[in-house]
Amino acid sequence: MNPASELGSFLMSRRARVTPTAAGLPAFGRRRVAGLRREEVAELAGVSAVYYTRLEQGRAHNPSDAVLDALARVLRLDATERVHLYDLLHRARDRSTAASAAGAGEPAAGVPVRDGLRRLLTAVGAVPAYVLSPAMDVLDANDLAHVLVGAPDPASGGRLNLARHVFLDPAARELYPRWEDVARQTAGFLRFSAGRRPHDARLARLVAELCRHSPEFRSLWATQEVREKSYGTKSFRHPVVGGFDLTYETLALPGDECRSLAVFTAPDARADAALRLLGSWTAPAPTGTPADNAHHGFGW
């Protein structure tokens, strides 16, 4: 994933979605492009058309913060897209960072989750929680998260990868009644993560695999949408307890290889009852009860 070419692709995709009317320009005559022309973006941002063209072509690596702010304003970027723009630019021009980051991402998946986080996952056992890598590998999880999401993936070294789960596992389309929304969020998060870690070998292999095997992912990846999954609501249709919604908070873990902690909570009585029932499946088996019956086949 070349940051310079990614920067140009991102700028073109954002330019294509801004209409002349939205940008305050008169809309008349036939136009060959759906959104703004390069010359129009350059004029509105206060830069030369030649310079802006070089940016889209990945040949200009040193725009000032003022220029980036102007482009973000003209292209109507939201907060996440603005961060992504800065990420792409900084990675493209910072050769030393790019060199030192080569191969990054393997430690994020390979380093064990520290004991303190493991104890935290156990302590919040009444709600699903897991530790996530930048490539969406579930590095560790409590029992309720295991039961909620499903089994680990042998292709991910015995771990569940949520992106592979969403796009390549047919069961995901049953588990998520709003699968299209989950798919867009997942592809957008991977795009955002790739902007932060363009030399992450694990992430690059995952994106390549999904592009090969999932037409839906390939199409979503090409849109250049970026999402930061910090909080929100996710709908489930679990084979045991039926349909319910959970809210989630995703917390960054400083000093932990860009890992994050995702915690789900019940926003209403229906969801609370569903979690309680699922939790009963994760409870230790009573004395004399075969251990393999305790999780009913849903545990890891």
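The axes themselves are lines fitted to C-alpha atoms, for helices over the stretch in contact, with angles running from 0 to 180 degrees between N-to-C directions. The structure is a predicted model, in which local features need pLDDT of at least 70 and side-chain atom pairs count only at pLDDT 80 or more, whereas totals for chains, interfaces and linings use all residues. Numbering starts from 1 along each chain as its sequence is written, and side-chain values use heavy atoms, with hydrogens and water left out.

The protein chain holds 15 helices and five strands, taken as DSSP runs (helices H or I, at least four residues; strands E, at least two) numbered from the N terminus. Of its 300 residues, 46% are buried, a term for under 20% relative accessible area, with exposed meaning over 50% and partly exposed in between (1.4 Å probe, protein chains only). The accessible surface of the chain is about 14,400 Å², and carbon and sulfur atoms contribute 54% of that surface; the areas come from the Shrake-Rupley method with a 1.4 Å probe. Among contacts (heavy atoms within 4.5 Å) with a separation of 6 or more, 59% join residues 24 or more positions apart.

Two helix pairs illustrate the packing. Helix α2 (residues 38-45) meets α3 at an angle of about 115 degrees, the axes lying 8 Å apart, and the two helices are therefore roughly perpendicular. Their crossing is right-handed, meaning that the near helix is turned clockwise from the far one by less than a right angle, anticlockwise being left-handed. On the α2 side the contact involves R38, E39, V41 and A42, which face A49, Y52, T53 and E56 of α3. These residues comprise four nonpolar, one polar and three charged, where Ala, Val, Leu, Ile, Met, Phe, Trp, Tyr, Cys and Pro count as nonpolar, Asp, Glu, Lys and Arg as charged, and the others, Gly among them, as polar.

W179, A183, R184, A187, L190, R191 and A194 of α12 touch E216, F217, L220 and W221 of α14, giving eight nonpolar, no polar and three charged residues.

Finally, P63 sits in the loop between α3 (49-56) and α4 (65-74). Its relative accessibility is 2%, so P63 counts as buried. The C-alpha atom of P63 lies 9.3 Å from that of Y51, 12 residues away along the chain.

Definitions and conventions:
Parallel < 35°, antiparallel > 145°, perpendicular 65-115°, else oblique.
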